[in-house]
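Dear colleague,

Please find below the structure that I am handing over to you. My notes on what was found in it follow directly after.

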Amino acid sequence: MTTNETQNPATSDLCAEHAPRMNLARQVPEIYKAVVALETATRKGMDPVLLELVKIRASQLNHCAFCLDMHTKDALAAGESVQRIVQLSAWEESRHFYTEREIAAIELTEAVTVLTDGFVPDEVYDRAAKHFGERELAQLITVIATINVWNRFAVATRMVPGGYTPGGPRG
C-alpha cells in the first residue's frame with residue numbers, strides 16, 4: 001500500500017510514489033549527522049512559526065516536495081494557519097497575511113535561496129536588519145542556508161514526501 005493509500009483509501013487511483021534514489025543518511029552518516037547538528041543549532045531561540053515560513057518558502061523555490069510536506073506539517077503543528085501557508089507562494093500579493101518582520105524574512109529567504117540573480121540586494125538585507133538584531137539575523141541566514149542544504153539533499157536523492165509526522169524522525 002502506498003503512502004497515499006495509507007492516508008486515504010479512496011485515493012487508490014492516484015499515481016504511484018516514485019522510488020528514492022538513495023538513503024543519504026545511510027551512505028554518508030557523518031555528513032548527515034553534521035547537518036542535523038547544524039539544523040538543531042539554527043532552531044534554538046527562533047520563533048517556530050517564522051522558522052517554518054522560511055523553510056516552506058525556500059522549499060517552494062527549490063521545488064522540494066519532501067521538505068514542503070515536512071515543514072507545512074510542522075508549521076501547522078506550531079499553530080500556523082492553512083491560509084497563511086497556502087498564500088506563502090504568492091506572498092507579494094497577499095502581504096496582509098504577514099507581519100513586516102515575516103515579510104523581511106521571506107524576502108531574505110528568496111534572495112539567499114535564488115543566488116542566480118547575482119547577490120542579496122542591499123535593500124533586502126537592510127529591511128531584514130531593521131527587524132532582526134545582528135545575532136538574530138545571523139541565525140536567520142543560517143536557517144536559510146541549512147534548509148537549502150536539506151532541499152538539495154532531498155531533491156537530488158528523490159526523498160518521498162507524505163510519510164512525515166510532526167515530532168517524529170526527520171529525514
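In these notes, a residue is called buried under 20% relative accessible area, exposed over 50%, and partly exposed in between, as judged with a 1.4 Å probe and protein chains only. Helices are DSSP runs (H or I, at least four residues), as are strands (E, at least two), and the numbering starts at the N terminus.

The model is a predicted one: local features need pLDDT of at least 70, side-chain atom pairs count only at pLDDT 80 or more, and totals for chains, interfaces and linings use all residues. Residues are numbered from 1 along each chain as its sequence is written, and side-chain values use heavy atoms, with hydrogens and water left out.

Confidence

The predictor's confidence in each residue is given as pLDDT, from 0 to 100. For the protein chain the mean pLDDT is 91, and 91% of its residues reach 70 or more. Among the elements of the chain, helix α7 (residues 100-113) has the highest mean pLDDT, 98, whereas helix α1 (residues 3-7) has the lowest, 51.

Helix α7

Helix α7 is largely enclosed by the rest of the structure, because 12 of its 14 residues are buried. The buried residues include I103, A104, I106, L108 and V112, and also the charged residues E102, E107 and E110. They pack against α4, α6, α8 (122-131) and α9. The expected span of a helix is 1.5 Å times one less than its number of residues. From its first C-alpha to its last, α7 reaches 20 Å, close to the 20 Å expected.

Helix α5 covers residues 65-77. The 13 residues of α5 should span 18 Å, and its end C-alpha atoms are 18 Å apart, which agrees. Buried in this helix are F66, C67, D69, M70, H71, D74 and A75. An α-helix has 3.6 residues a turn, so residues three or four places apart point the same way. The cover over the buried residues of α5 includes α4 (48-61), α6 (82-87) and α9 (134-157).

L76, also in α5, counts as partly exposed because its relative accessibility is 41%. Together with V82 and V86, L76 makes a nonpolar surface patch of about 270 Å². Patches are made of residues with over 30% relative accessible area and no salt bridge; like charges are joined within 9 Å, and nonpolar side chains (Val, Leu, Ile, Met, Phe, Trp, Tyr) within 5 Å. The areas come from the Shrake-Rupley method with a 1.4 Å probe, and for residues only the protein chains shown count as cover.

I147 is found in helix α9 and counts as buried, at 0% relative accessibility. Contact here means heavy atoms within 4.5 Å. Leaving aside residues up to four places away in sequence, I147 touches K55, A58, S59, C67 and H71. I147 and A58 are 89 residues apart in sequence, yet their C-alpha atoms are 7.0 Å apart in space.

Salt bridges

A salt bridge is a side-chain nitrogen of Lys or Arg within 4 Å of a carboxyl oxygen of Asp or Glu. The structure holds 10 of them. In one, the closest N and O atoms of E136 and R101 are 2.7 Å apart. This pair links distant parts of the chain, with E136 in helix α9 and R101 in helix α7, 35 residues apart. Both are partly exposed: E136 is at 30% relative accessibility, and R101 has a relative accessible area of 28%. Salt bridges that share partners also join E39, R43, E52 and K55 into one network. Within that group, R43 and E52 meet at 3.4 Å, N to O. R43 is partly exposed at 26%, whereas E52 is buried at 2%. A further salt bridge pairs E100 with R95, at 3.9 Å between the closest N and O atoms.

Positive phi values

Which residues other than glycine have a positive phi of about 55 degrees? One of them is R158, in the segment after α9, which is partly exposed at 34%. H63, with a phi near 55 degrees, lies in the loop between α4 and α5 and is exposed at 67%. Just after α5, the glycine G79 takes a positive phi of about 100 degrees.

With kind regards
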